[in-house]
Each structure stands twice: as C-alpha cells, then as structure tokens.
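Me: Got a model open here. Can we go through some rings and a pocket?
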Amino acid sequence: MAASPGPAGGGGAGAAHGSGPSGFAFDSGLEIKTRSVEQTLLPLVSQITTLINHKDNTKKSDKTLQAIQRVGQAVNLAVGRFVKVGEAIANENWDLKEEINIACIEAKQAGETIAALTDVSSLNHPESDGQITIFTDKTGVVKAARLLLSSVTRVLLLADRVVIKQIIRSRNKVLATMERLEKVNSFQEFVQIFSQFGNEMVEFAHLTGDRQNDLKDEKKKAKMAAARSVLEKCTMMLLTASKTCLRHPNCESAHKNKEGVFDRMKVALDKVIEIVTECKPNGENDISSISIFTGIKEFKMNIETLRENLYFQSKEALSVMLEALLERTEDFTDCAYTSHEHRERILGLSAQARTELQQLISVWIQAQSRKTKSITEELELTILKISHSLNELKKELHNTAAQLAADLLKYHADHVVLKALKLTGVEGNLEGLAEYACKLSEQKERLVETCRLLRHVSGTEPLEITCLHAEETFQVTGQQIISAAETLTLHPSSKIAKENLDVFCEAWECQISDMSILLREINDVFEGRRGEKYGYLSLPKPMKNSANLRSLKADKPDSEEQAKIAKLGLKLGLLTSDANCEIEKWEDQENEMVLYGRNMSSMAYSLYLFTRAEGPLKTYQDLIHQLEVFAEEGLKLASSVQAFSKQLKDDDKLMLLLEINKFVPLCHQLQTIIKTPLQNQVFLKVDKCITKARSMMAVLVQLLSLCYKLLKKMENNRWA
C-alpha cells in the first residue's frame, strides 16, 4: 500500500476541459479531481475500519504499527487534497461557500485526528507510555472516521448541486440565444448570433458529456445520450434550415422545416434538465410498462414465488397480469408487415399460455387446501410448463421483430427514395416530389412500427430507450426531409436549399446505420452474449516526425470550424459502422487483416467523435497524432492483404491487387498531408486529412468485404 496514494492525473483531467468557453462558474476539472480524491479516500477509511476491528490481544509487531501509521498518513494527505478542491469550489460559488467551507473544516479535523491516533510507530518503546492511540481510543477513531465520511459526502453533494446549477444556467443561455435566432431577419445578424450559439452549445456539450459519464444509472445514461445526440445533429440542421429561411423568407415549407428543428432541440434541452434534476413531468409513463419482455420477466418472477409462498398474491391479479401482457402482443399480430406464419405462432403460444395459467391456478387451489408431495410436484410441473410457453413466446416475438428489422434495413440500404427526392428537387418536379414524399412516408411508418416492435424485445432498459429514440428520430426526420425537399423543388436553383436537404438526408442515413447496430445489440442480449466490444485506441504518443506539429494550434476548433468538420465527420461515422459490420462477419477475429481493420475502424471512430467535440482527442495536435498512426496502420493492413493475395488464384489475386492499389496511395497521400507544413492554415490541413481518412475508410470497407469473400471461396474449394 502506497504511503500517499492519490490521483496522479487529476490536473490533466481538469486541463482537458480548461480550453473550453470562458465564463464557467465552476471548472468541470474540479469535479473530476473531487471524484478522484474521493475514490482514494473511501477505501483508506475502509482499511481504518478493519484496523479498528482488530483483536486487542493481537501482537503489535513493528510491521503492523508501520502499516497502521501509513494508512493514517495516507488518509490525512488525501483529505488535504480533497479540502483544497472543496475550497476552490466554494470560492467560485458564493451561495454555497459557507456550507462547503464548514464541511471542509470538519473533514480536515477528522483527517488530522486519524493521523494523530494512528501515529503508533514508537508504541513498542517505553517512552510511549500514556500516549493516546488507536489501541487506547477506538471510539475516537470511529468518531473521526464517521465525521470524515459525513463531511466528504456533504462536499460531494454540494459540488453536485453546483454542477446541476451550471448545466441549468448553460441550458438557459442556449435557449435565450435560440429565441434570438428564431426571430433574426438578416443574414449578417444570423451569422453573428449563430457564432455565439455555437460556443454555448460546445459549453453545454462538455458539461452534459461529463455528467453522462458520471451517471451510474444505465437508464439515465441512455436517456442523456439520446438527448445529446438530438442536440448534436440538430445544430447542423438548425444552421442550414435557418439559412434556407433567410434566403427564401416567403416559403412556407422552409419555415415549417426550421420550426421542426427548433421544437426538437427545445424538447431535448428540457429532457437533459429532467435527467440532471431527476424531476419527471406529470403523467410521464414508465417506459418499462410497455415492454413485453419486461412484462414476461415480472410475470415469471411472480409465479415462481408460489414455490415458497402459496398466498403471495391472488389468482385474479395473476390472470390480469397475463392478459395485460398478451394484449401487448397485438402490436405484433396487428402489424401489417408481420408474416402469416409468425402471426399464427404468436396467437397459438398466447392461447397456450392462457390455458396453462388456468391449469396452474387449479393446481394452486388444491395445493392451498392439501400439502402433499404429489401436489407439490404437480405445481412445480405447471410452473415449468407456463414458463416454457412464455420463453417460446419471447423467442417468437424476437424472431418476428428481428426479421422485420433485418429485411427493412437490407431493402433500404441503398436509399433509393432519398436519391429520388434530391433529383426531383433540383429538377423542380412537383409531381415527382408528391410520389416520392408518399414513398418516404410509407418507409417512415414502417421504420417507426419496426422500432416499436424492437422496443418490446430489446431486453434491457437502455436498449428500450435507444429504440424509442430511433422511433422518434424517424418520425420527425421523415417529415423534415419532405419539407426540405418541397423547398428545393420550389427553388430548384437554390444551393442552400440543396445543402439543407442533404443535411436532413444524412441524418436519416445515420439513423438507419444506428438501427443496424441497435439490432445487433438486441440480438446479442437475447442470445446471452453482449458481443465483444473493442475499445477505442488510447491517445497515441507523438511520432518521430512530430517536430512538424509544433506549428499546429494546440487548442480546440472554434464554433465555425466545429460546424464545418461536423459535416465531414458524419460520413466517417457511417463508414466506421460499415467497417464494423464487415469485421463481425469473420469467424477468425484474430486474423491479422481483421486486427488491423479493427484498429483502423476504432481510430476512425475517434476521429468522428472529434468532429462532434467528444471523445479522447481534444486538440488539433491530438488529431494529427491519431492520423499518423491511422496511416501507418493502413500500410500494415495493405502488407497483410498482399501476403494473403499470394494464396489466391490469378483472377482472384488480380481483383484483390486492384483494391490494394487504390488503398496504398491514399495512405501515402495522408502521410504527405500530415508532414506538409501549412502556416496559419491549420483548419485547411485538418479538413484535407479528415477527407482523406474518409476515402481510406470507404476503400477499407470494400477491401474487408472482398477479402472475406475470397477467403470463404478458398476454404470452400479446399473442402471440395
């Protein structure tokens, strides 16, 4: 055990946020330091408790005495660091200063008391007679430990209140600026206000991101992630929708499109405040009540309690519970897209569950009147039978929803309707617009209904929330695409109207991609495996040629730059998802090509997070370091694929070499851009690098797909 354990990286964590927007009442780094010291402090207090409970007749060796003293000193040092952080928080928040300072004083006193009572190193020497220590005053140590825990808890709770107040203040600033943006009439004024809005959104994103990481409740964490995702995507939509309105002020569809974005952002901002303040609006339904899988789980738990207690609940309550559960299966049987076979099986299993519940109730009544071995065995059998039927029903519902979702994702993978809407828009074809708007509405309704079914079978509360988020996103974005397409059709030569439609179509494509990931996660949960998650690569160390990076800005992108790279990053995020899909097809996950491909995909995802002002990459310099490693990993992959090509026949080998010849030059081009100094043009360099990385990922997806097919072909030929 170290003499003075503590958060070695506390300052660094705080610094990571230090370059954010000014005007913070409370540096989020303080919260990180507080939490880090707390994590050091509480285990040490636990060790003191263990020492307090030792037996008095235990031999007090010098080694034992030294260990006791080290623990006391370590606690006192950790308390000292904790108090400094607490005082810093107090100085920034006058309304809570007195409460925090009192708690800090108590914590400091407790730390000093513990240090004094554990100063026992000289206890075996004669001159120590009469000294008050942990061995002579256990009560004193207990009181000090309790006071320490109490005061630390108070400081942490007060610090939490500070964070919540800061998030609320940040939200209010964003809302006030949004109101100004809604009323703006000139383009020049809009640019000025949107720049301020961008800074405020970056501040809000940092605060809520830290809060999301701190949340212990997975359900709240999923809700926060969904709300933050809406805000992140809507920021770009708000920019293009507002510009379109300013360019075409008399266009009704443009105003409708803009209003939809503002409304959705306001709802998301309110949702964040609900989560951090834990205040539910009146009448909010608990999402778990609408999930069939949750209902089945609760029903099975209730019938299983009959093994221990025959009078736990009434027969009527159990019947009502099953009926409510089976009523929800009507979402599947009434769905127009459910196949006849699936519908018949669901109805059959529902009827079987009803019959078996009646049998269970009959045996249950007998068991209450006469407790014999045979009746107990019969009760057990009926419980097992109805549990089995419900498990079969679960399986059938899952298969139905999963098949519908997979078929739908496959059918709409090429986004034919979106492409047609863009084309009819630039052609000014109103008839074509009506036709394809109708098709998109049908597609939207089908996606919404499929998300609703997936929500029933998701298996966990966070996945239920993700399904609900997908459902809402398709519902809203579908309408907004149609209004954006209508604006373009009425103004076919408008570049801003075309850009606006592109932004909404990209958001739709992104949600389709997210839905495929969601489906895989639901399947993983159902099959009892979460799916092996490979973490993103940690921030790479500077490379040999990093002297060239000294001219780079070490700070974060400003709001204007962030808005530009956000659009670049969206496609990169989609390609990362495509690459992961290809990687998951491989049976041998330790194949060298898979390992390099996975590394590149992880790094590309970190680049994507950077474009959203999230993730481990904080500055431009961090980004360039990551891109250096990304290019090198690409060349390693190319070498591995080239080695694999030597095992192939001539035609297949040629096909693969053609793909390699596309990929390798892109890697070299990226390395060249990184090494080329661009004085005072940092953003241009970053823009070129992300664009090149995006091209590499597009070829990587094709390369992985082709390698997988050729490997399968080679294995099949070998078997033949």
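Me: First up, is F293 buried or exposed?
Reply: F293 is buried, with a relative accessible area of 8%. Buried means under 20% relative accessible area, exposed over 50%, and partly exposed in between, with a 1.4 Å probe and protein chains only. A caution: this is a predicted model, where local features need pLDDT of at least 70, side-chain atom pairs count only at pLDDT 80 or more, and totals for chains, interfaces and linings use all residues. Residues are numbered from 1 along each chain as its sequence is written, and side-chain values use heavy atoms, with hydrogens and water left out.

Me: How many aromatic pairs are there in the whole structure?
Reply: The search finds seven. Rings of Phe, Tyr and Trp (its six-membered ring) pair if their centres lie within 6.5 Å; planes under 30 degrees apart are stacked, over 60 edge-to-face, the rest tilted.

Me: Why does the pair F293 and F526 count as tilted?
Reply: Their planes are at 35 degrees, so the pair is tilted; the centres are 6.3 Å apart. The two are 233 residues apart, with F293 in helix α9 (residues 292-304) and F526 in helix α17 (residues 495-526). Helices are DSSP runs of H or I, at least four residues, numbered from the N terminus.

Me: And F526, what is its relative accessible area?
Reply: F526 has 30%, so F526 is partly exposed.

Me: Which residue lies over the face of F293?
Reply: K394, at 4.9 Å from the ring centre. K315 has its charged end over the ring of W364, 4.8 Å from the centre. The test: NZ of Lys or CZ of Arg within 6 Å of the ring centre and within 35 degrees of the ring normal.

Me: What about F474 and W508, what kind of pair?
Reply: Edge-to-face, 5.2 Å centre to centre and 70 degrees between the planes. F474 is in helix α16 (residues 461-490) and W508 in α17, 34 residues apart. Both F474 and W508 are buried.

Me: Which rings form a cluster?
Reply: F187, F190, F194 and F197, linked by ring pairs.

Me: New topic. Which residues lie nearest the centre of the second largest pocket?
Reply: A413, S513, S516, D578 and C581, out of 23 lining residues.

Me: Which helix gives the most to that lining?
Reply: α18, with nine residues. α13 (373-411), α14 (416-427), α17 and α18 (559-585) each supply at least two.

Key: On a 1 Å grid over the protein atoms alone, a cavity is a set of points where a 1.4 Å probe fits but cannot get out, and a pocket is an open set with protein on both sides within 12 Å along at least five of seven lines; lining residues have an atom within 4 Å of a point.
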